[in-house]
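Before reading on, please take a moment to look over the fold as a whole.

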Amino acid sequence: MNKSIAGPAWCFLLLASASPAGETAIEVASRKQLFTDYKFIQSAEGVSLTMNPPARTGAILIEPDAPWEKNLSIGSYSSVVKENGRVRMWYEVLGRAHEPRANPDFMGVAYAESTDGIHFKKPVLGLVEFEGSRQNNLVLPADPKLMSIAGGSVLIDENPNCPPAERYKSWQKIYPKKGSGIKGPHRVWVSADGLRWNLSARPVTGLRAADTQSTWFWDPRISRYVGFTREWIQFPGEGHFRAASYNESDDMHSWEKMQIALEPDEADAAAGIRPLIDPAKMTVSRERVMPAEPAAGKSSARERAAENDPDADPVPPPGSAVDIYGPGVVPYTEADGVYLSLMSMFHHWNEATGPDTADVRLGVSRDARHFQRPGGRKPFLGVGPSDAFDSKWIWALPRPIRMGDELWIYYFGSSKDHSGRPAAAAGQRTQGISRAVMRLDGFMSADFDYSGGSILTPPLRFEGSRLEFNLDTGAGGVGRVEILDERGGPIDGFRLQDADALNGNSVRTVASWRGKTNVSPLAGRIVRLHLKMRSARLYAFQFR
């Protein structure tokens with residue numbers, strides 16, 4: 001089960017002030033290190049780990065406004081990368097007209113790009129025929145008459161042995177048309193440029209289950225592909241719930257080593273709303289007070305719909321107050337050894353009363369298998385106001401994009417719930433892709449109390465000649481750092497009394513001691529950092 005990272009300073013993990021000499025040092029080299037967990041906290045006092053949600057801009061950047069999109073809507077499952085100064089987006093498009101509880105006849109992927117990440121152009125590519133014309137920005141599927149596709153993600157393959165013709169990959173769920181001869185349910189598309197795609201002839205095998213937007217990446221830590229898919233899980237005699245699985249592959253086609261990585265736990269199960277008691281509608285049976293018996297043969301609305309429509313979406317009744325609807329797992333490439341989950345959490349207390357909505361929660365991990373869910377289960381990216389386009393449904397696009405010293409998280413938002421019911425106060429613009437903005441490395445911070453606090457790190461070994469912090473002291477906060485030897489003893493020239501005060505807000509705050517910043521004499525040695533700060537937020541550190 002997932003465990004939340006402790007928040008209040010008074011319940012913060014407190015360990016011995018120093019570990020025995022000879023303890024294995026953490027090799028940080030010159031890589032950036034984040035305070036997403038306790039890895040770099042040997043002991044602490046007056047400090048709490050805090051989740052820092054991004055700020056929604058509220059501006060729609062992409063919506064179905066091109067001439068060829070008059071019969072299309074945007075779906076949740078889109079992808080974004082930054083390459084050669086361009087922000088490139090592959091966004092899911094769906095046919096508007098379709099039968100209730102049935103998939104649209106057309107489901108595909110369109111392309112847009114931007115030089116500033118805000119103003120996107122939809123180039124006419126002439127690649128896919130749709131409604132009798134190729135004057136559009138569609139890129140997948142190549143022939144909509146043969147299939148529809150959905151639930152995919154587009155990324156650049158970082159495998160050093162990846163052929164140039166397959167540098168872009170898209171793992172998609174296939175919905176073949178009758179007589180097409182196409183086999184699914186999952187296939188891999190490959191491309192040299194992200195625009196012209198070829199369907200790989202090899203099937204995808206080894207997955208136990210997979211739904212919604214699967215994410216994947218090449219993980220150099222294990223020299224294999226890692227993929228995350230959505231799972232349906234049912235316990236005997238109980239309802240279903242959604243979870244996310246971890247899988248490994250050498251080629252993105254044959255998957256193995258499946259394990260559940262994200263699932264609802266006891267805290268999620270307790271998130272339902274207690275039913276109201278109406279004594280007038282209750283009956284007494286021995287020692288039990290029970291609701292009135294349902295009429296004979298009466299079934300749920302979902303079951304009745306399925307009885308009348310054999311093609312209805314086979315979504316079972318919920319077994320949990322909240323599900324993990326999509327994993328959204330990616331490596332955080334700006335730092336060392338951090339994996340992020342921008343997981344979509346689907347809230348549905350019960351079928352009759354709702355809600356039927358989703359927001360985004362944060363998960364952090366060091367191995368991509370075991371995730372902590374910080375912030376007391378508060379939303380990392382919540383829904384917008386009741387009259388906003390994103391008031392009912394939020395879905396983060398995988399992989400935050402670095403823009404200068406900020407991270408931009410693009411997300412799909414809708415004022416319609418999972419069942420397609422519009423919000424009563426919704427305006428004319430009911431869906432679109434927007435962005436939320438946050439500080440570089442700012443997912444979590446070690447927050448030092450107003451009255452002061454301290455952190456002692458485990459033994460470290462570094463490379464470089466200076467020490468930088470991603471630090472915000474605000475106007476009146478202050479920080480100092482001393483470097484200790486392996487046993488926790490002081491080192492001449494780097495004592496706390498030598499340390500210059502750090503005050504300000506910068507992602508590259510340089511530590512100094514009596515004006516000197518050079519730490520290269522200590523490179524290669526086993527050392528510890530002792531951080532003394534007040535009214536400050538510390539996000540990361542890095543030797544350079």
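A nonpolar core, as the term is used here, is a set of buried Ala, Val, Leu, Ile, Met, Phe, Trp, Tyr and Cys residues that are joined through side-chain atoms within 4.5 Å. In this predicted model, the largest such core has 60 residues, and the members that touch the most others are F35, F469 and L531. Its largest share, 5 residues, is contributed by strand β36, which covers residues 536-543. Apart from this core lies another, made up of 30 residues that include V93, A112, V128 and F412.

When contacts between residues at least 6 apart in sequence are considered, 66% of them join residues that are at least 24 apart.

Two individual residues illustrate the local setting. S73 is found in strand β6, which spans residues 72-74, and S73 counts as buried because its relative accessible area is 13%, where the cut-off for burial is under 20%. Beyond residues up to four places away in sequence, S73 touches P64, E92, V93, L94, R96 and Q431, and one of these, V93, is a member of the core of 30 residues. Y38, by contrast, lies in the loop between β2 (33-34) and β3 (43-45), and Y38 is classed as partly exposed because its relative accessibility is 22%. The C-alpha atoms of Y38 and L49 are 8.8 Å apart in space, while the two residues are 11 apart in sequence.

What space do the atoms leave empty? Rolling a probe the size of a water molecule over the atoms shows where such space is left. A search of the whole structure finds 3 cavities of 30 Å³ or more, and the largest cavity holds about 50 Å³ of space. The lining of the largest cavity consists of Q213, T215, G326, G328, L342, S344, W395, A396 and P398, with β23 (339-347) and β25 (393-396) each supplying at least two of the lining residues.

Among the open spaces, the second largest pocket contains about 610 Å³. It is lined by 26 residues, of which E158, P331, Y332, T333 and R399 are the closest to its centre. Strands β7 (79-83), β11 (147-156), β15 (215-219) and β26 (401-403) each supply at least two residues of this pocket's lining.

Finally, the confidence of the prediction should be kept in view. The average pLDDT of the protein is 88, and 85% of the residues score at least 70. Over residues 1-19, however, pLDDT stays under 50, and for this stretch the model has 54 contacts beyond four places in sequence. Residues 309-316 likewise have a pLDDT below 50, and in the model that stretch has 13 contacts beyond near neighbours in sequence.

Terms used: Residues are numbered from 1 along each chain as its sequence is written. This is a predicted model: local features need pLDDT of at least 70, side-chain atom pairs count only at pLDDT 80 or more; totals for chains, interfaces and linings use all residues. Side-chain values use heavy atoms; hydrogens and water are left out. Contact means heavy atoms within 4.5 Å. Buried means under 20% relative accessible area, exposed over 50%, partly exposed in between (1.4 Å probe, protein chains only). Helices (H or I, at least four residues) and strands (E, at least two) are DSSP runs, numbered from the N terminus. pLDDT is the predictor's confidence in each residue, from 0 to 100. On a 1 Å grid over the protein atoms alone, a cavity is a set of points where a 1.4 Å probe fits but cannot get out, and a pocket is an open set with protein on both sides within 12 Å along at least five of seven lines; lining residues have an atom within 4 Å of a point. Grid points are joined across faces, edges and corners, and a volume is the space filled by probe spheres set on the points.
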